[in-house]
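Subject: Structure for you to look at

Hello,

The structure is below, and my notes follow it. Please read them with the model open beside you.

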Amino acid sequence: MATALTARTVRASRGRRRHHLRVLAFLSPWLLGFSLFFAYPLAATVYFSFFRYNLFQLTPVGLTNYRFLFKDPYAWRAIKNTLWLVVVMVPLRVLFGLALAQLLTKIKRGGSILRSIFYLPFLIPPVAATVAFVFVVNPGTGPINGIAAKIGIHLPDWFNDPNWTKPGLTLLALWGIGDVMIILLAALLDVPRSLYEAAAIDGANAWQQFRRITLPTISPVLMFSVVTGVIQTLQYFTQAMVAANASQGNADQAGTTTAPGYPDGASLTFPQTLYNEGFQQFNMGYACVLALVLFVVAMFFTLILLRQFHAFDDE
């Protein structure tokens, strides 16, 4: 009896072990990718943040890099600009994309053509799109300001005036709204028509239908658009760098040795500061600190937004 029980226990233990090995075998591609492309780089970033590192010499400095972050005026200017873009650009992109998507659901004829027209700017490479946009709104050579001046409207010098640079970047982002629009359009078309018909029979007006039917139904897609928009804006680099260089008449693009942030630091974003410190000044230790700050802030915003959307769904 005891021998049979022991044998059964051994077989069960071997079965569990084989099951665990099968699970690990199926998980191994993900575990390998996670280890190589996330866990190791994150650990290395934390490690190098305690050193003065210029790619050749590694000198321990303790918390000096972290303390310098609180004294760095360029980093704080970049943080201020990036948060401005997060607070202003992301909501405007989502609202504008939702408005365009809602409009396209109401158009019966020519909707596919308008859909393609609205989506095309998103397909243009970011560098080419930014250079073209800066040229179009340039007060000296662009047609937009010239046409507006002829009808008595004086538009600002978008990318040469520090007060209008971030609004200019926001207009550029709204021009390339195709990605947000097409996702929200798919979500709107997926809302059951029967819900609107039932609400109309009950006497609900258009706003009540939108508030009580449309928004709760598409809330997961809205959450995805906002969260990805925040993460992308926290990493906003190419458009700001190219716009600054193009507005100066500089043919160079991202990766030049010119100081970022023209004019007067108005277009300086946090990723530009990180890139400048790491790959232009070769201050890799401090760049690692900036990378960690960017990671923590992105995680913080993501968790807050997820919690807010879950609270909205529970109402």
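Asp264 is exposed, because its relative accessible area of 59% is over the 50% cut-off. The model is a predicted one, so please keep that in mind for the values below. Asp264 belongs to the loop between α11 and α12. Its phi is near 55 degrees, which is a positive value in a residue other than glycine.

Pro263 is in the loop between α11 and α12 as well. The peptide bond that leads from Tyr262 to Pro263 is cis, and its omega is near -5 degrees.

A positive phi also turns up at Phe282, where the angle is about 55 degrees although the residue is not a glycine. Phe282 sits in the loop between α12 and α13, the latter being residues 284-314. With a relative accessible area of 40%, Phe282 is partly exposed, because this value falls between the limits of 20% and 50%.

Next, the empty space. A general point comes before the details: rolling a probe the size of a water molecule over the atoms shows where empty space is left.

The largest pocket holds about 640 Å³ of space. Its lining is made up of 28 residues, and those nearest the centre are Arg93, Phe122, Asp179, Gln232 and Gln239. Two or more lining residues come from each of α3 (73-106), α4 (111-123), α5, α7 (165-175), α8 (178-189), α10 (206-234) and α11 (238-247). Which of these elements gives the most to the lining? That is α10, with six residues. Sorted by class, the lining has 16 nonpolar, ten polar and two charged residues.

There is also one cavity of 30 Å³ or more. The volume of the largest cavity is about 40 Å³. Its lining consists of Val134, Val137, Asn138, Pro139, Asp157, Trp158, Phe159, Asn160 and Ser247. Of these lining residues, five are nonpolar, three are polar and one is charged.

Now the aromatic residues. A pair of rings is described by the distance of the centres and the angle of the planes. Searching the whole structure gives 16 aromatic pairs. One of them joins Tyr119 and Phe122: the ring centres are 5.7 Å apart and the planes stand at 50 degrees.

Tyr119 is partly exposed at 25% relative accessibility, and Phe122 is partly exposed at 36%. Phe122 is also among the residues nearest the centre of the largest pocket.

Elsewhere, Trp30, Phe34, Phe38 and Phe295 make up one aromatic cluster. The ring of Trp84 has a charge over it: the charged end of Lys166 lies 5.8 Å from the ring centre.

Thr170 is part of helix α7. Is Thr170 buried or exposed? Its relative accessibility is 5%, and this is under 20%, so Thr170 counts as buried. Apart from neighbours within four places in sequence, Thr170 touches Trp84, Leu85, Met89 and Leu92.

Once neighbours within four places in sequence are set aside, the residues in contact with Leu104 are Gly111, Leu114, Arg115, Phe118, Met181 and Leu185. What separates Leu104 from Ala128 in space? Their C-alpha atoms are 27 Å apart, and the two residues are 24 residues apart in sequence.

Last, Ala132 lies in helix α5, which covers residues 126-136. Ala132 is partly exposed, with a relative accessible area of 35%. Between the C-alpha atoms of Ala132 and Asn145 there are 14 Å, and the two are 13 residues apart along the chain.

Regards

Notes. Residues numbered from 1 in each chain as written. Predicted model: local features only at pLDDT ≥ 70, side-chain atom pairs only at ≥ 80, totals over all residues. Heavy atoms only, no water. 1 Å grid on protein atoms, 1.4 Å probe; cavity = no way out; pocket = protein on both sides within 12 Å on 5 of 7 lines; lining within 4 Å. Points joined across faces, edges and corners; volume = space filled by probe spheres on them. Nonpolar A, V, L, I, M, F, W, Y, C, P; charged D, E, K, R; others polar. Helix = DSSP H or I, 4+ residues; strand = E, 2+ residues; numbered from the N terminus. Buried < 20%, exposed > 50% of the residue type's maximum accessible area, 1.4 Å probe, protein only. Phe/Tyr/Trp six-rings, centres within 6.5 Å; stacked < 30°, edge-to-face > 60°. Lys NZ or Arg CZ within 6 Å of the ring centre and 35° of its normal. Contact = heavy atoms within 4.5 Å.
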